[in-house]
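Me: I'm new to reading protein structures. Could you take one part and go through it with me closely?

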2 protein chains.
Amino acid sequence: MIDSLIRKIKEMNNATVVGLDPRLNFVPEYIKEKSYDKYGKTLQGASDAFYNFNKEIIDNIFDLVPAVKPQVAMYEQFGVHGLNAYINTINYAKEKGLIVIGDIKRSDIASTAMAYSNGHIGRVEVEEESFEVYREDYITLNPYLGYDSIEPYIGNCNKYDKGLFVLVKTSNPNSGEIQDLVVDGEKIYERVGKLVAQWGEKSMGELGYSRIGAVVGATYPKQSTELRKIMPKIFFLVPGYGAQGATAEDLAGCFNKDGLGAIVNSSRGIIAAYTKDEYKKKFREEEFGKAAREAVIRMRDDLNRVR
Amino acid sequence: MIDSLIRKIKEMNNATVVGLDPRLNFVPEYIKEKSYDKYGKTLQGASDAFYNFNKEIIDNIFDLVPAVKPQVAMYEQFGVHGLNAYINTINYAKEKGLIVIGDIKRSDIASTAMAYSNGHIGRVEVEEESFEVYREDYITLNPYLGYDSIEPYIGNCNKYDKGLFVLVKTSNPNSGEIQDLVVDGEKIYERVGKLVAQWGEKSMGELGYSRIGAVVGATYPKQSTELRKIMPKIFFLVPGYGAQGATAEDLAGCFNKDGLGAIVNSSRGIIAAYTKDEYKKKFREEEFGKAAREAVIRMRDDLNRVR
């Protein structure tokens, strides 16, 4: 999957990932009304609105970006209907040729991690039958439990050509509380970066990068530049651009000299572009997909200046 | 919820938590056949079997233990049907008066954490309507992202009288890879323990313990004894007893002098007791619930020796 990702980044000349993290307060009224008419103002109604919102976004950006990243929390909060919208969104994105990064940030001991791994990126067995359940191409993971909590995913990555992004340095304001603690002269995130580089060695693709990637926040430019050196063959999934405050210049250090090595996520900055003053002048609410498309083009060009 | 938990531990004279982590290989054939007859050997069939298995376990232990801990991964792997079984299990356990600890180990930035928090321990709004979705009393969380990733849960804990168990020192073999790194003379898990103690101060119950608890693995007795001192008012959720190898003696240090301060989880050791030689002699497959009941009584008495 890392090779497919790299090929798509090159083909589209775009390192942008569109974060599919809808919120009811920016799903257009006409979409919500249609869903509420069908299912009421219920968890099912909200889930249906999310799915229809995502479809319109995907229809407008699938030919421009290599990947989308649905954040499972936004769907999980609505229970089974939400999870259904999550799965349907993944399937729709894949039909349109997009690579799907499931932002699930799971973490558990090995026997439990195996269940997550099979469900999300492998196959789940029911007696002699087996099923693909979530069908993400990539998922994100939290490393706090150590290697035996990550290993159950690596087998499925290699077997089914899937990929991982392991949290190394996250984009949030308090990420330093644990991640920046200093151990023998190096920060925890550097130590975790070295571990990820080591874990990734056995899962190399053919184009020079590993199937095991890292999450490195754009909001910490100095740290991400250091991490780029520590993990030369590790692809970065970079959150924090736009709504969280990071600029293209902030994340220049995430890229290698080949212009590769990182994909940059933007969620609200793209999918809710139509709510911003600069887009409002140009697009009606019904054209939120077109506004998202323009936001993707702007972001692509902005990133291409620095990579 | 911490006060209710303490009252129930005292009432039942039992610090045991039953982990509801079913696996198809130990769900009795007669239960699976019934579900497969209805839904086929499908994700729905497997989910239905899990739920029926859990009901029988719950019916046999609800009057003996304060709490159950379903591990969401076991259900999540089966997609929407699995999640439905998870929710139905929670509701059934609560109807029977049990406290439910959702073992979800989520971790994300604040805006995303809010969605998890509302879905699991708060209320989810759909316009002017609001819904309780998962209805756990407690959930587990991963602290790698720092305080702003935990804070969105604390509001709901205080508002709805819920509780958290934050991973501090986990029970798995590689937990030391990150958690045991030394920072200024103290281990990361000690540092995280201090943070949890501090986070817990603003969410104190009336009986001397905080609504914010900690996960501390029974497999590391020395470390858990140290952590008990660092976090005197923090309740521990202790995995690792039984199947993972820890004995009652190993976890004696998790308890305070009041005999409180910890609840100890056992999953397979209880719910799959009937598959073990010592129980096989006494119980038929159809009596797996009775075998679980006997395993709970043995565990209760074993723990009561050391607390």
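Reply: Over residues 15-283, chain A is 41% helix and 19% strand, with the end C-alpha atoms 25 Å apart (DSSP runs numbered from the N terminus: helices H or I, at least four residues; strands E, at least two). This is a predicted model, where local features need pLDDT of at least 70 and side-chain atom pairs 80 or more, while totals for chains, interfaces and linings use all residues. Residues count from 1 along each chain as written, chains are lettered from A and ligands numbered from 1 in written order, and side-chain values use heavy atoms, without hydrogens or water.

In chain A, eight strands form a closed barrel in the order 1-2-3-6-7-10-11-12, with parallel pairing (pairing needs at least two DSSP bridges). From one strand to the next, the twist averages 30 degrees (angles, from 0 to 180 degrees, compare N-to-C directions of axes fitted to C-alpha atoms, for helices over the stretch in contact). Look at strand 10 (residues 212-216) of chain A: two bridges join it to the parallel strand 11 (residues 236-238) of chain A. There, Val215(A) stands opposite Leu237(A). Helix 5 (residues 79-95) of chain A lies across strands 1, 2 and 3 of chain A, at about 150 degrees to strand 3.

Now for the neighbour: 71 residues of chain A are in contact with 70 of chain B (heavy atoms within 4.5 Å). The two chains share eight salt bridges (Lys or Arg side-chain nitrogen within 4 Å of an Asp or Glu carboxyl oxygen). One of these joins Lys32(B) to Glu127(A), with the closest N and O atoms 3.3 Å apart.
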